[in-house]
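Open the structure in your viewer and keep the selection tool at hand. We will go from stop to stop, picking residues as we go.

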Amino acid sequence: MPPISLQINLAASDFRLSRYLLEHQIRLFADIVDEIVISVDIKKGSGRFAQEFDTNFRALNALLESFSGQFSNLRIVPIDYSNQAQQEVRAFFRQSRVVPERDFRGGPCYVYLHGLWSCRNDLVLHIDADIFFGGNVGSWLDRALRELALPSVFSVGPLPGPPTTSGHLRQAILDHACIDQNVIDGRYTYDGFSTRLFLLDRRAIAGIQLQAWPSVGNVMRALTKGLVPQELPEVVITRYMK
């Protein structure tokens with residue numbers, strides 16, 4: 001298996017989940033991937049992303065400190081918002097304009113690119129804080145890499161929910177429609193992208209310009225709350241895929 005980085009995004013608001021899930025996520029992959037990079041957002045977001053920030057941020061850092069020395073391939077990387085770091089991230093991903101810090105909801109945007117940039121490997125399995133894995137992840141990664149090698153495949157994700165006797169999914173992987181499915185093989189093809197969970201070669205992101213306007217309604221939603229009218233990264237990437 002080629003070297004793969006597992007990269008996990010964490011914000012203060014994720015502590016309520018990470019206190020239960022993070023150690024499971026780390027232990028499941030620690031002996032399989034080349035490195036585990038935990039990207040910690042040090043800035044307070046807006047709306048639900050800002051709830052009880054100070055308390056949760058302290059608790060999150062205490063949780064991360066408890067893993068110190070337990071895993072030799074674990075790195076804790078605070079998101080660097082300095083001008084130099086932003087310029088390096090922008091250059092690496094060939095962004096013609098400044099990468100927005102937040103989307104129209106106050107959620108992360110720059111964080112995603114910084115997390116991918118922080119990894120040592122081009123192959124990155126990214127997960128958000130609320131992903132719970134089961135089954136043989138090593139076997140899944142082997143198959144996922146074979147899928148990713150196909151020229152028509154941009155990214156790969158595991159099937160959601162527990163398996164079914166029929167092979168059909170208990171829940172949709174994305175809100176986007178499934179455009180092809182092979183129930184026997186357990187292979188479902190989507191024409192959309194989710195930033196919550198993906199395996200890809202990070203070089204595939206380079207050149208996709210993330211700075212984009214959302215819908216008129218979401219522009220108004222952002223402006224009334226004093227936020228930047230920036231489209232969600234996954235929507236921009238989905239447009240590129242289509």
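**Before you start**

This is a predicted model: local features need pLDDT of at least 70, side-chain atom pairs count only at pLDDT 80 or more, and totals for chains, interfaces and linings use all residues. Residues are numbered from 1 along each chain as its sequence is written, and side-chain values use heavy atoms, with hydrogens and water left out.

**Stop 1: the core**

Select Leu-22, Ile-36, Ile-38 and Leu-199. In the largest nonpolar core, which has 34 residues, these four touch the most other members. A nonpolar core is a set of buried Ala, Val, Leu, Ile, Met, Phe, Trp, Tyr and Cys residues joined through side-chain atoms within 4.5 Å. Buried means under 20% relative accessible area, exposed means over 50%, and partly exposed is in between (1.4 Å probe, protein chains only).

Now colour the elements that supply at least two residues each: β1 (5-10), α1 (15-29), β2 (35-40), α2 (53-65), β4 (123-127) and α5 (137-148). Helices (H or I, at least four residues) and strands (E, at least two) are DSSP runs, numbered from the N terminus. The largest share, six residues, comes from α5.

Zoom in on Leu-22. What is Leu-22 in contact with, leaving aside neighbours within four places in sequence? Its partners are Ile-8, Leu-10, Ile-38, Leu-63, Leu-64 and Phe-67. Contact means heavy atoms within 4.5 Å. Apart from this core lies another, of 25 residues, including Ile-79 and Phe-93.

**Stop 2: helix α2**

Select α2. Its 13 residues reach 18 Å from first C-alpha to last, close to the 18 Å expected at 1.5 Å a residue. The expected span is 1.5 Å times one less than the number of residues. Show Phe-53, Asn-56, Leu-60, Leu-63 and Leu-64, which are buried. They cover an arc of only 95 degrees around the axis, so they sit on the same side of α2. That arc is taken from the directions from the helix axis to the C-beta atoms. The buried residues pack against β1, α1, β2 and β3 (74-78). Turn to the face pointing away from the buried side: here are the exposed residues Asp-54, Arg-58 and Glu-65.

**Stop 3: salt bridges**

The structure holds 13 salt bridges. Each is a side-chain nitrogen of Lys or Arg within 4 Å of a carboxyl oxygen of Asp or Glu.

Pick Glu-101 and Lys-43, whose side chains meet at 3.1 Å, N to O. Glu-101 lies in the loop between α3 (83-92) and α4 (110-118), and Lys-43 in the loop between β2 and α2, so the pair ties together parts 58 residues apart in sequence.

Next, pick Asp-130 and Arg-196. Their closest N and O atoms are 2.8 Å apart. This pair links distant parts of the chain, 66 residues apart.

Finish with Arg-203 and Asp-201, bridged at 2.6 Å between the closest N and O atoms. Shared partners join Asp-122, Asp-201, Arg-202 and Arg-203 into one network.

**Stop 4: cysteines**

How many disulfides are there? The count is zero, taking a disulfide as a pair of cysteine sulfur atoms within 2.5 Å. Select Cys-109: the nearest cysteine sulfur, that of Cys-119, is 17 Å away. Cys-109 is buried, at 0% relative accessible area.

**Stop 5: Met-241**

Last, select Met-241 in helix α7 (residues 233-241). Met-241 is partly exposed, at 27%. Beyond four places in sequence, Met-241 touches Phe-154, Tyr-190, Asp-191, Gly-192 and Phe-193.
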